[in-house]
Amino acid sequence: KMTQQMRDLQLAQARKPPGPSSPNAAKRLYRNLSGKFRVNYTSFDEGSLVGRGEKEKLRKSYLFQSNAALFEAVELQDLERVQELLKHYSPEELDLNTPNSEGLLPLDIAIMTNNAPIARALLQAGAKESPHFVSLESRSLHLSTLVREAEQRVNELMAQVVNEAPNADCSDKEKQLKAWEWRFRLYKRMKAGFEHARVPDAPSSVHLSVASSSSLQVTFWEPLSVNSAVVTKYKVEWSCSPTFSPLLGEAVINKLKDLHFTIQGLVSGTAYHVRVSAYNMKGWGPPQASTPPFAVPSNWREYDGRAPRRRGQAEALDHLLGQVKTVHQHCICHEPCKNQPQSRKHSVSKSLKHLFHPGSKFLKTLKRGLYLTAIFYKDDNILVTHEDQIPVVEIDDTYSCLLMQDFLWFTKVSCMWDEILWLRQCVTVSQSSCSCILQTRFKMLLAISQMQGLLGIQDLGQVFFEPIKDKQGNILIVTLKEVKTNQTFESVRWVPICKLQTSRKSVSSPEEPTALDTLLISVQDKLAYHQRSSHALSPGLYLGYLKLCSAVDQIRVLVPERLPNILCHVRIRSNPNISREEWEWLQKMASVEEPVPTEPEADTSQNPLFQELQVAIKELMSLVNIPLQEAKDFRLYSQEVLDFGDQVSFLLLLPPSDDVCTAPGQNNPYTPRSGFLTLPLQIFELGEER
C-alpha cells in the first residue's frame, strides 16, 4: 500500500517513536481533545530537576508536546494558537518539516483544508510540503488510503461499542470512536479540498526594475483568485528572447515572506525578459510577464563614465595623516617640547601639571569659564562621579565667549580621540606665537586628556551640536556616548537618570538656571538626539530637500529631528539604483530648464520614475510646509546621484537659487512644521560621515 510506503519512509525521519498509523493517531487526537497535550510554558521548573540527563529528557518531551500542539492547532484551524507557537519556538524545536506518523506535515493539512491564513503563517516560518507527494497521483492515493482506513476503524469501533455491555472498557471505546469519527471527517475534508483545487492563476502583477549594472530586481504579487489552493512557491525565469527560448535561467522561491528576487550575474547593456509562475499542490500555473516587458542592467554612472565620488578617499586621508605624523615626528621644532624645561613658558607648564596629578578630580560647581562634560549612558542609566555629578572638567576659566570656529574645531577633534597626545604635541610647538586661538585649542586638548585619564577611556563619543550657555558666563561642551556592554570605568558609577534628576539640588533659580542645571533638565532630549543621529535609512532611493540659512559666523542646514544626520527626505522607492535610461531622462529634463513638473504630460506619463517623483515631490512639499505651486520653481540636482553605500541613494530637490540659503534678516514665508531643527553645516557633515 502507498500508506505503508509512507510509513517506511517516515521511520528514517521522524524523531518521535512511530507506531502503527491509525491507533497512534487516535491516541494522539484523544490526548489533544482532552486538553492534556496543550502547552503550558510554566508546566515545570527546570531549576528543580536533578542531573542534565533528566533535564534533556524533559526538554525533548516538552518540545514533542509543542510539535503535537502545532498539529492540533492546524487541524482545529486555530490561527491564533499557530501564531503563538511559531512566535515562541523555532522551526527546529517544532519539528516543522518532519512528517507525522500519517506522512503529513502541518503545511499539508493547512493547504488541503484550504486554510489560507494558517498556510501563509507556516510558509513565512519556513514550512514545506511533504516530500513524499512526488506526484498528483501519489497525493490522491495517499489521501484515499487515509480516508478508507479511518472509515474502517470507525466501523470497527462502532461495532465493538454496540455489541459490548456498558463498562469501563466500553467507555474508552466510545472516546476512541469519537476521535476517529472526527479524524475521518478531517481526512474527507482534505481529500475534497485536493480534488476541487486547481492550478493557481498567474501572479497578479510582476514589476521589473534595474538593480545595478549586472542585476535586475523582480517584485511580484500573489494571484488574485480566491478559488484555487494556497500558493506555496514561485518560479522566476529570464531570457534574452521574448519567447523565452532559449531560457537563460530560473529560480524557485520557497521563502514567501518577501515576494521579490534579484537576478545576479547579468551582462550590462543586454535586454532581459522576465516572467513569474505560481505553484500549489496541483502544479504550476501560467506565467505572468513582467512590466516593463524587459529591462537592461545599467547604472547612472555609465552615462558619462563617472567614478564614485568617495572611491579611495578614506585610504587617501589615512595616507595623508600618516605623512603629516611622520613629518612632525622628525621636525626639529619638536625638540624644545621635550628638552626645554627652563623656558619662558615654564610657569605655564608648571601650572598645568596639576591636571595630570593623581589627585585631579572632576568639578562639582562651575565658575565663569569654558568646560567639558562627558555623558555616558546605558539604557536608562548614566555615569556620574562619586558625588553624583555628571563628569565635568575645566577647559579655560578665563574664557566666557565660545567662538563658533573654536567649537567646530573641537567637533573635528572628536574624530581623533585616540590621537589627542599627538595633537597636543603639535599644538605645543606653536605656543611661542602667543596666539589666543592656539592657546584655547591647546587647553581644549588638555581638558580632553584629563577627561580621558579620569574616566580611563579614550573615546568620549559624539559632540552635541551646540554648547550649553548660562547667564553666569558658563559654557558647557557636551559629548555623548552610548555604552552597550557592561563596561567599568574609573572614578564613576552608574545611576538611573530619573534618580539623578530628582536627587540633585538646584543651586540656581528656574528663571536663570546654570549650565549644569540646564544639562540635567534636558539630558533625555540630548540622549534622544544622539540615538536618532546614529540611525540608518532603510535601503532605497530618496528625494532630499536642501535648505540652508546663514548667520554671521556659520551656515546651518534644515534636518528632521527623527533623523538629524540626513537631509529632509521622503522615500521614492525601495530600489536605490538609477539606471542609465532613467538618468538620461533626468538630464533631458534638466537641459530643458523648465520647472519641476507636478502634473503628468503625454510623453512622460508612462515613465515609472516620473510617476514616482511626482508622488515624492508632493509628499516632500507637504512635509516641509511649502505650497505645491511653489514646487514649480524648484529644480532637481542633475550633476550626480548621491550614493551612501550600495543600498541608499539620494536625488536632491533644490529651491530657486536665490532661496537655497536664507540670509540673516531675510524673511522665510514657509516655516517648516514642528519636528525639524537646523544644524551647523560642519556638524551635519560630521554626523553624515558617522
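Start at Val483. Skip its neighbours within four places in sequence, and Val483 is in contact with Phe376, Tyr377, Lys378, Phe489 and Trp494. Contact means heavy atoms within 4.5 Å.

A word on the source. This is a predicted model, where local features need pLDDT of at least 70, side-chain atom pairs count only at pLDDT 80 or more, and totals for chains, interfaces and linings use all residues. Residues are numbered from 1 along each chain as its sequence is written, and side-chain values use heavy atoms, with hydrogens and water left out.

Back to Val483. Buried or exposed? Val483 is buried, with a relative accessible area of 4%; buried means under 20%, exposed over 50%, partly exposed in between, using a 1.4 Å probe and protein chains only. Ile382 is 101 residues away in sequence, yet 9.5 Å away in space, C-alpha to C-alpha.

Now the rings. Rings of Phe, Tyr and Trp (its six-membered ring) pair if their centres lie within 6.5 Å; planes under 30 degrees apart are stacked, over 60 edge-to-face, the rest tilted. That rule gives 12 aromatic pairs. One of them is Phe220 with Tyr234: tilted, 4.9 Å centre to centre, 50 degrees between the planes. Phe220 and Tyr234 are both buried. Phe464 and Tyr529 pair edge-to-face, at 5.2 Å and 85 degrees. Both are buried too. Phe464, Phe465 and Tyr529 form one aromatic cluster.

Last, a charge over a ring: NZ of Lys or CZ of Arg within 6 Å of the ring centre and within 35 degrees of the ring normal. Lys235 has its charged end over the ring of Trp284, 4.7 Å from the centre.
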